[in-house]
Amino acid sequence: MDLVAEVRRGKLRAIARTISLIEDLEPEAESLVDALYPHTGRSLIVGVTGSPGAGKSTLVDKLITLERGRGRKVAVIAVDPSSPFSGGAILGDRLRMQTHATDPGVFIRSMASRGFLGGIAAATGDVIKVLDAAGYQSIFIETIGVGQTEIKIVELSDIVVLVLMPGAGDEIQAMKAGVMEIGDIFVINKKDLPGADKLLAEVQYVLSFKNPTGRSGERNQSEGGGNPVLMTSAARDEGIEQLHRAIGAYAEEIDGSGRLADKRRFRLQRELLGILTRKVHELMDVQIEVSKQLPQWAESLYRHRARPYALINEQIGNFLREKSNDREN
Ligand SMILES: Nc1nc2c(ncn2[C@@H]2O[C@H](COP(=O)(O)OP(=O)(O)O)[C@@H](O)[C@H]2O)c(=O)[nH]1
Ligand SMILES: [Mg+2]
């Protein structure tokens, strides 16, 4: 079976198998991703982030319905880096999107960190490429927006939708933590609950600093320019059409202005750097057994028998000498 051809034909089993190979860091995953790469670049990647319980999964579920209504194939990657044992959150995500469980045009996949926290952003990037090559026109990445890893995951998207809800208390806190910076479209979900209007005012206030030129959140959705702010009630299916339109309009806007291309170029730079860093690290690990020697090196430092930079420089020097000897032989 030619896995690459099967993925390109959108065969679900081939897609799932390829994703598993990526998650398990199998060596063959590299050549699979490379073979699929020429067929990528067609999907719109929408990151959906926000605190747990804000309503991300419920919103995505409703957005899927609208996308399907337009005949578009949709994929969802739910990533939960904070729960290595794939806890309740991900089960909840699955449940929330159950409506689409039997629709062959919808692919939903959960990813938990499985202990390789640093690698999950890279793995997610590769999974996106597989789904892109498989012909999913929209790919939603759902993750909670708190730590560095989550932000890295969200940075894989073309557009970031930040979901907030009233009464959570920590919302403004989250904004300070830099999550506001990465949002393109702001959604105040659960507008049926008290405090939604107050939160709207707060978000607009914060955004007025982000876009001081006036291209700000003060204007409403779909007007173009700035960061749209929308109010929804996912559970009641209110405001979803507007959000869907705002995402479409934003995508068109950044595509037209060249910002989308810039974003993607920048993302590729970071991805390449990530691969390079990982490869160099792996190479060093094999050649000079970094992981194995690390405790001894630390011990030497602890006893003041070595100095940090001299020690590492010496190791790198040894490594490079061995490499050039290899080449001469
Ligand atoms: N009152 C209200 N509850 C909602 C709304 N949207 C979602 N919920 C509920 O909020 C809870 C968390 O939703 P979920 O989509 O799992 O949030 P996630 O953790 O951000 O993915 C669920 O019980 C939803 O039914 C809404 O607009 N209003
Ligand atoms: Mg969820």
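In helix α2, the buried residues, meaning those with 20 or more other C-beta atoms (placed from the backbone) within 10 Å of their own, are Ala 14, Ile 15, Thr 18, Ile 19, Ile 22 and Glu 23. The model is predicted, with local features needing pLDDT of at least 70 and side-chain atom pairs pLDDT 80 or more, while totals for chains, interfaces and linings use all residues. Residues are numbered from 1 along each chain as its sequence is written, and chains are lettered from A and ligands numbered from 1 in the order in which they are written.

Helices here are DSSP runs (H or I, at least four residues), numbered from the N terminus. Just after α2, Leu 25 has a positive phi of about 55°.

Around ligand 1 there are 19 residues, of which Gly 55, Lys 56, Ser 57, Thr 58 and Ala 235 come nearest; a residue counts as near if its C-beta atom, placed from the backbone, lies within 6 Å. To this shell α4 (56–69) and α5 (88–96) each contribute at least two residues.

The axes of α11 (residues 259–288) and α12 (residues 290–302) come within 7 Å and cross at roughly 75°. The two helices are therefore roughly perpendicular to each other, a term that covers angles of 65 to 115 degrees.

| Helix | Residues in the α11–α12 contact (C-beta atoms within 7 Å) |
|---|---|
| α11 | Met 284, Asp 285, Ile 288 |
| α12 | Val 290, Ser 291, Gln 293 |

Conventions
A residue is buried if 20 or more other C-beta atoms lie within 10 Å of its own, exposed if 12 or fewer, and partly exposed in between; C-beta atoms are placed from the backbone. Axes are lines fitted to C-alpha atoms, for helices over the stretch in contact, and angles run from 0 to 180 degrees between N-to-C directions. Angles under 35 degrees count as roughly parallel, over 145 as roughly antiparallel, 65 to 115 as roughly perpendicular and the rest as oblique. Two residues are in contact if their C-beta atoms, placed from the backbone, lie within 7 Å.
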